[in-house]
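The following note sets out some points on the helix packing and the sheet. Please read it alongside the sequence and the model.

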Amino acid sequence: ESAADEALDAAIRAAAPPDPALLLERIRRDVHSGRWPQAAADLLQSLECFPPYPFYLKAERLLDQLLSSGTWRPRRRLRLAVLASGAASLLLPVLRMSAFRFGLEVELYEGAYGGWRQEILDPASRLYDFAPEAVLLLISLEELALAPTGSHDRVETAVAELRTLWGMLGQRMGCRIVQTSFDPPPPGPWGSLETTLPDGRR
């Protein structure tokens, strides 16, 4: 072990709580030297610290190399499709790393930008070719086009449509479906009335 490695190890031991940036540097050295078990252990320790977003981007390639080494055995493998109102690519490294933290190796499919509805409706879409075991739906509140007040019927229609699409996915693929909550709307022209009125959108 070189003096630089010893100094890095000492810095990691001295850090309280553990520093993901220091651990990331040691992961790089572990991967370069083929120390796969140590790389896996350091990556898991880093993820337990809930590192900032740039960590996930920098560590994703190292995770690829670790998985390619064949030395890490996942508890299970999972095909996950991510369908969103917008671009979901920035989320994918976080999903992969989070799955690794829980012992899962995830194969991801990112749907077309804003095309979540079309991908579900079209049985010949790439979504069905991928045959996911789980589908993550990230749908923006803007899709509902809610007025400041009086949108009860629009909400009922949107919920009915979502239930239909969930059923379609379940019948065609038998996959699990996870849909996140809608993002809260920004303040609108009606101000606090959007919150206080019974049929306000907030």
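Contact here means heavy atoms within 4.5 Å. Helices (H or I, at least four residues) and strands (E, at least two) are DSSP runs, numbered from the N terminus. The model is predicted, local features need pLDDT of at least 70, side-chain atom pairs count only at pLDDT 80 or more, and totals for chains, interfaces and linings use all residues. Residues are numbered from 1 along each chain as its sequence is written, and side-chain values use heavy atoms, with hydrogens and water left out.

1. Residues between the two helices. From α4, Tyr 53, Tyr 56, Leu 57, Ala 59, Glu 60, Leu 63, Asp 64, Leu 66 and Leu 67 meet Pro 93, Val 94, Arg 96, Met 97 and Phe 100 of α5. By class, this contact has 11 nonpolar residues (Ala, Val, Leu, Ile, Met, Phe, Trp, Tyr, Cys and Pro), three charged ones (Asp, Glu, Lys and Arg) and no polar ones (the others, Gly among them).

2. Helix geometry. The axes of α4 (residues 53–69) and α5 (residues 92–101) come within 9 Å and cross at roughly 60°. Axes are lines fitted to C-alpha atoms, for helices over the stretch in contact, and angles run from 0 to 180 degrees between N-to-C directions.

3. Sheet order. Four strands form an open sheet in the order β2-β1-β3-β4, with parallel pairing; two strands pair if DSSP finds at least two bridges between them. Because β2 (104–110) and β4 stand at the edges with a single partner strand each, one side of each is left without a neighbour in the sheet. Neighbouring strands are turned by 25° against each other on average, direction ignored.

4. Strand β3 and its partners. Five bridges join β1 (residues 76–84) to β3 in parallel; Val 82 stands opposite Leu 136, and Leu 80 has Ala 134 as its bridge partner. Toward β4 (residues 176–179), β3 pairs in the parallel sense over four bridges, with Ile 177 as the partner of Val 135.
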